[in-house]
Amino acid sequence: MSEFKQLYSPLIRSAKWYPVQSWALEQTSHGAWLLESESLSRRLAQYCQHFTVTVLAQTIISNDNLSVMERQLVGESDCLEREVILYGDQQPWVFARTLIPVTTLSGKEQDLVDLGNRPLGYRVFNDKNSRRDALEIANLGTQQQPRWARRSRLWINEKPMLVAEYFLTQSPVYAKENGC
């Protein structure tokens, strides 16, 4: 499992993020995935028999370790950093990195620390007071063979968190492009 973290964590941290408006996504098969406004986990689960989450790492990191843009999106608090792989039928589909400010982990949201192998999206989008904004897209591949990632801020009861998701090669986001 640590090979996933070694491979994908630096990629997603160094991604060059662009506002969603910078991409012509609306008429593409991958655009529907990248623009998903609800739970990505719920959508992925519809494409497999067995959907699972494996936690690669979960630790508190200092705000000093966040990029300037990450601080602008989640504030000046230290964060719980959670890195996971989302699997569909035992195939790795998505590497995700979530930054949850310690200030978000209060009240009803204290339980976010104890998600374990449960998908974050199942918890966040079960709440009536949740929303997504600040959606950004990155291509971590090439022009000829794009490998898509997205980053967005989630709000739950007006408390922020930042989620970056890298769609791995076997992800259904590429199914139409791969001829599957």
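Beyond its neighbours within four places in sequence, R82 contacts V53, V55, A57, Q58, A96, R97, T98, L115, G116, R118 and L120; contact means heavy atoms within 4.5 Å. The model is predicted: local features need pLDDT of at least 70, side-chain atom pairs count only at pLDDT 80 or more, and totals for chains, interfaces and linings use all residues. Residues are numbered from 1 along each chain as its sequence is written, and side-chain values use heavy atoms, with hydrogens and water left out.

R82 lies in strand β3 (residues 79–88). Strands are DSSP runs of E, at least two residues, and helices are runs of H or I, at least four, numbered from the N terminus. R82 is buried, at 3% relative accessible area. Buried means under 20% (1.4 Å probe, protein chains only).

L120 sits in helix α5 (residues 120–124). L120 is also buried, at 10%.

The largest nonpolar core has 20 residues. Such a core is a set of buried Ala, Val, Leu, Ile, Met, Phe, Trp, Tyr and Cys residues joined through side-chain atoms within 4.5 Å. L44, L86, V94, I137 and F167 have the most contacts inside it. At least two residues each come from α2 (29–34), α3 (40–45), β2 (51–61), β3, β4 (91–101) and β5 (130–139). Strand β4 gives the most, with 3 residues. Apart from this core lies another, of 15 residues, including I85, F95, A164 and L168.

Notes. Buried means under 20% relative accessible area, exposed over 50%, partly exposed in between (1.4 Å probe, protein chains only).
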